[in-house]
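Hi,

Here's the structure I said I'd pass on. Have a look at it first, and then read my notes below.

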Amino acid sequence: MSTPAPPDDRLLDDLLDVALAAARQAGALLRDGRPADLGVAGTKSSPVDVVTEMDLASEKLLVELIADRRPEDGYLGEEGAERPGTSGVRWVVDPLDGTVNYLYGLPSWAVSVAAEVDGRAVVGVVHAPARGELFHAVLGRGARLNGRPVSARPAPPWGQALIGTGFNYVQSVRVRQAEVLLALMPEVRDVRRGGAAAVDLCDVAAGRLDGYYERGLAPWDHEAGCLIAAEAGALVGGRPGHGPDGRLTVAAAPGVYEPLQERLAALRAWAD
């Protein structure tokens, strides 16, 4: 089956403009509007999987901005906003990736905005205001950090690879993830856990991690970051024969991706 042709440049340029504006405005709201007494507004998958009032405020801003600029597009957001579209474009958005980091005042959190055309991600923006970083990528045009091109780092030997990962908020899944980590950690240089999947994927793109994997990501967690990593030259996938999905997401420099995916498959990292 042939790969579909990318959308025309005018559409890509427009989607990028909207994505950048949305991520910047939501990022500014989160950075400048965070109350000193920020608390938990609700929970999701478990009592430790939290939502704050700022997650909800960021989602509202993003929904309104995108609807104003592109009213015929679809939208899927983490905090429940969803609408069908008629244009063939769908926005997949995490208004605050890394909520627990944000709640505790840690800098690794971001706004993640991706645009799909006919189900294929073509634009991705990840804005991490507390780190002063704005990543973006357009299909076929490469990846950039604060306007400058970035690329995945050359692959080290497997035993010298620095790998990132993340953990689910459901206790039973965490236990299984810890088992996988226990088996993997002695084989590599070290493992990092940043707490925001979109930022971790961008760190692969910027050459700060040799590879990254995680089980349990939703589309809004990985859509923009996976495109940015891929456009930076990383390989992106999931279980062998599958793309990134809720079972497993893997992104790594060529030469690290293959042994990482192979070990995760041997460990059945996606299974209980």
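Helix H6 gives the most to the lining of the second largest pocket, with five residues. Keep in mind that this is a predicted model. H6 spans 219–231, and strand S7 (120–128) also gives two or more residues to that lining.

If you want to click through the pocket, its lining is made up of Glu-116, Gly-119, Arg-120, Ala-121, Leu-139, His-222, Glu-223, Cys-226, Leu-227, Ala-230, Val-236 and Pro-244. Sorted by class, that makes seven nonpolar, two polar and three charged residues. The volume of the second largest pocket comes out at about 280 Å³.

The other thing I looked at is helix H4, which runs over residues 171–184. H4 has 14 residues and reaches 20 Å from its first C-alpha to its last, close to the 20 Å expected at 1.5 Å a residue.

Which residues of H4 are buried? They are Val-173, Arg-176, Gln-177, Val-180, Leu-181 and Leu-184. In general, an α-helix has 3.6 residues a turn, so residues three or four places apart point the same way.

And what covers that buried set? Strand S12 (190–193), strand S13 (211–214) and helix H7 (257–266) are among the elements that do.

Cheers

Note on methods
Residues numbered from 1 in each chain as written. Predicted model: local features only at pLDDT ≥ 70, side-chain atom pairs only at ≥ 80, totals over all residues. Heavy atoms only, no water. 1 Å grid on protein atoms, 1.4 Å probe; cavity = no way out; pocket = protein on both sides within 12 Å on 5 of 7 lines; lining within 4 Å. Points joined across faces, edges and corners; volume = space filled by probe spheres on them. Helix = DSSP H or I, 4+ residues; strand = E, 2+ residues; numbered from the N terminus. Nonpolar A, V, L, I, M, F, W, Y, C, P; charged D, E, K, R; others polar. Expected span 1.5 Å × (residues − 1). Buried < 20%, exposed > 50% of the residue type's maximum accessible area, 1.4 Å probe, protein only. Contact = heavy atoms within 4.5 Å.
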